[in-house]
Amino acid sequence: MYLASGPIYRLQCEKEVEMSESDCESGVTSSQPVKSCLFEDKMVRLDDDDKLHNFLKRLFLSGMGTLGKSTTVVAIHRNTHCTPSAKARFQSFRIYADATAQQRGGKINMKCAWYGASRDEISGIIDHGFGQCERPENGALFGSGVYLYPATSSIDSIISSDVDENGLRHVLLSRVILGNVEEISCGSKQFRPSSEEFDSGVDNLSAPKRYILWSTHMNTHIMPEFVVSFRCSTPRGSQRPKHSVRKPTSPWMPFSKLIVLLSEYLPANAINLIKKYYNDYRAKMITREHMIKRVRLIAGDKLLASAIKSFQSKANLPVDM
């Protein structure tokens with residue numbers, strides 16, 4: 001990730017994450033990384049005592065909000081860009097960074113961004129680059145593109161991550177050339193820049209919660225750099241529901257009632273996070289499916305099943321979630 005051609009190619013993170021060039025360079029000169037057992041022959045594992053490892057760990061956990069306390073970072077791996085195809089993509093990224101700077105008056109607008117996926121999908125991205133975009137008809141809210149999330153919002157990327165056979169989830173941290181961005185409205189069917197004036201999209205110009213890179217740019221404007229592998233536990237208290245656990249026979253339940261029931265077991269900060277996602281869903285900022293995934297991640301399936309069963313036994317009615 002450390003390019004010899006000058007600062008234009010260095011990792012440029014947002015000011016809010018306070019990543020200095022000395023932090024970046026220390027990751028090269030500190031302890032030697034060991035080969036990864038998770039992504040063997042694709043990446044190298046940063047030593048746990050590495051300064052860059054510790055910085056990325058803090059960055060990831062701080063972006064997890066209240067879930068950071070129940071999340072354990074198991075390993076962080078760095079992309080070596082060592083295969084011929086990886087070198088070509090790396091070189092292409094440099095060329096497009098220069099081209100964007102020339103076209104936009106020196107403004108590259110390069111950011112760090114998270115992307116969550118299964119281990120196999122991440123492995124494929126490291127090997128071959130991005131191969132597809134989410135289509136609007138399949139649940140995408142802001143057009144057909146690759147959705148990435150700001151460096152300070154790692155929690156949003158893990159919704160798309162899957163648990164592997166070792167109980168681990170994985171997310172990518174990439175450099176992204178945003179260039180000149182345009183705001184994409186919710187429900188858009190857009191799949192490319194609306195004009196030559198723009199390079200990428202965001203859901204909100206003043207406070208973006210997601211970056212949208214179109215299929216025309218996904219393998220030239222995104223450079224995967226690190227994989228963070230982690231284990232996320234359910235909050236304390238969700239392991240001890242008062243009612244017997246059984247898969248609910250109906251998924252329908254008023255969300256306001258669910259929040260009240262969950263507040264009996266979860267701490268206030270977890271409930272506030274659930275309320276935030278519910279408000280985002282009502283404002284059509286996220287899909288119902290994404291909201292449910294986030295609530296499941298925070299509360300855990302056992303506690304949710306117990307809460308729904310408790311409600312059904314008291315109301316004896318099928319209800320809408």
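This is a predicted model: local features need pLDDT of at least 70, side-chain atom pairs count only at pLDDT 80 or more; totals for chains, interfaces and linings use all residues.

Student: How many helices and strands does the protein have?
Tutor: The protein has 9 helices and 10 strands. These are DSSP runs numbered from the N terminus, H or I of at least four residues for helices and E of at least two for strands.

Student: And how much of the protein is buried?
Tutor: Of the 321 residues, 53% are buried. Buried means under 20% relative accessible area, exposed is over 50%, and partly exposed is in between, with a 1.4 Å probe and protein chains only.

Student: What share of the contacts join residues at least 24 apart?
Tutor: That share is 73%, among contacts between residues at least 6 apart in sequence. Contact here means heavy atoms within 4.5 Å.

Student: OK, helices. At what angle do α7 and α8 pack?
Tutor: Helix α7 (residues 268–282) and helix α8 (residues 288–299) meet at about 175°, and their axes are 9 Å apart. That angle makes α7 roughly antiparallel to α8, a label for angles over 145 degrees. Axes are lines fitted to C-alpha atoms over the stretch in contact, and angles run from 0 to 180 degrees between N-to-C directions.

Student: Which residues make the contact?
Tutor: On α7 they are Ala270, Leu273, Ile274, Tyr277, Tyr278 and Tyr281, and on α8 they are Arg288, Met291, Arg294, Val295 and Ile298.

Student: What about Asn272, where does that one sit?
Tutor: Asn272 is in helix α7 and, with 47% relative accessibility, counts as partly exposed. Its C-alpha is 9.5 Å from that of Ile259, 13 residues away along the chain.

Student: Switching to the core. Which residues touch the most other members of the largest one?
Tutor: Leu56, Phe60, Ile158, Phe255, Leu262, Leu266 and Ile274 do, in a nonpolar core of 43 residues. The biggest contribution to this core is from α7, with 6 residues. A nonpolar core is a set of buried Ala, Val, Leu, Ile, Met, Phe, Trp, Tyr and Cys residues joined through side-chain atoms within 4.5 Å.

Student: What else is there besides that core?
Tutor: A second, separate core has 19 residues, including Tyr115, Tyr211, Met218 and Val227.

Student: Now α4. Which of its residues are buried?
Tutor: In α4 (residues 119–128), Arg119, Ile122, Ser123, Ile125 and Ile126 are buried. They cover an arc of only 160° around the axis, so they are on the same side of α4; the arc is that of the directions from the helix axis to the C-beta atoms. Asp120 and His128, on the other side of α4, are exposed.

Student: What covers the buried residues of α4?
Tutor: The cover includes β2 (43–45), β3, α3, β4, β6 (169–177) and β10 (222–232).

Student: Last one: which non-glycine has a positive phi of about 50°?
Tutor: His81 does. His81 is in the loop between β3 (71–79) and α3 (84–103), and at 8% relative accessibility His81 counts as buried. Asn109 is another residue other than glycine with a positive phi, near 55°, in the loop between α3 and β4 (110–117).

Methods:
Residues are numbered from 1 along each chain as its sequence is written. Side-chain values use heavy atoms; hydrogens and water are left out. Angles under 35 degrees count as roughly parallel, over 145 as roughly antiparallel, 65 to 115 as roughly perpendicular and the rest as oblique.
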